[in-house]
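Please look at the sequence and the structure first, and then follow each solution step by step.

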Amino acid sequence: MTKILLLSDTHGYIDNHILKHVKKADEVWHAGDIGSLNVTDAIKAIKPLRGVYGNIDDASVRVEFPEHNRFKCEDVDVWITHIGGYPPKYNVRTYHEIKQNPPRLFICGHSHILKVMPDKNLNLIHMNPGAVGKHGFHKVRTMLRFTIDGKKIDNLEIIEFDKRH
């Protein structure tokens, strides 16, 4: 079983409250708009990290992280991208690939809106962890925690932080 911490849209912000949750995970996945390599360096100093760059990320982040990250976690096909849309309104850049070769778990960020929803037509689960950074229109900072055990995605939890100031 692999314990995953999923976050997005840090926009250069990391603190000890976030890192406390990083320590409890086996892997951390970042769905873009990292904002600064200081964020990912702090995470990588504690746990393995997989991520993608987002639309606000500069060249240094884009050198280190891809636009799309597709991989297997245990027996689950995972695809992370920053701007991906959601069922059934996928982004133009992901639409054809997701229709022809859907992953089991499709993750994106960008909207700052936490969503977890199935796409019953493509037999996948879509996740967007919302935003854990302090920049953007969101009022509550959020992340997701879940487990992958073989083919099973389970134990989903929402992590909420105090309202932004």
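**Exercise 1.** Find the salt bridge partner of arginine 70, and say how far apart the closest N and O atoms are.

*Solution.* The partner of arginine 70 is aspartate 77, and the closest N and O atoms of this salt bridge lie 2.6 Å apart. The term salt bridge stands for a side-chain nitrogen of Lys or Arg within 4 Å of a carboxyl oxygen of Asp or Glu. The model is a predicted one, in which local features need pLDDT of at least 70 and side-chain atom pairs count only at pLDDT 80 or more, while totals for chains, interfaces and linings use all residues. Residues are numbered from 1 along each chain as its sequence is written, and side-chain values use heavy atoms, with hydrogens and water left out. A search of the whole structure gives eight salt bridges.

**Exercise 2.** Determine which strands are joined by the salt bridge between arginine 145 and glutamate 157, and decide whether arginine 145 is buried or exposed.

*Solution.* The closest N and O atoms of arginine 145 and glutamate 157 are 3.2 Å apart. This pair links distant parts of the chain, since arginine 145 belongs to strand β11 (residues 140-149) and glutamate 157 to strand β12 (residues 152-163), twelve residues apart. Strands are DSSP runs of E with at least two residues, numbered from the N terminus. Arginine 145 has a relative accessibility of 19% and therefore counts as buried, where buried means under 20% relative accessible area, exposed over 50%, and partly exposed in between (1.4 Å probe, protein chains only). Glutamate 157, at 38%, counts as partly exposed.

**Exercise 3.** Describe how the rings of tryptophan 29 and phenylalanine 71 are arranged.

*Solution.* Rings of Phe, Tyr and Trp (its six-membered ring) pair if their centres lie within 6.5 Å, and planes under 30 degrees apart count as stacked, over 60 as edge-to-face and the rest as tilted. By this rule there are four aromatic pairs. Tryptophan 29 and phenylalanine 71 form an edge-to-face pair, with 5.1 Å from centre to centre and 80 degrees between the planes. Tryptophan 29 lies in strand β2 (residues 27-30) and phenylalanine 71 in strand β4 (residues 68-73), 42 residues apart. Both tryptophan 29 and phenylalanine 71 are buried. Finally, ring pairs link Trp29 and Phe71 with Phe146 into a cluster.

How values were computed
Helices (H or I, at least four residues) and strands (E, at least two) are DSSP runs, numbered from the N terminus.
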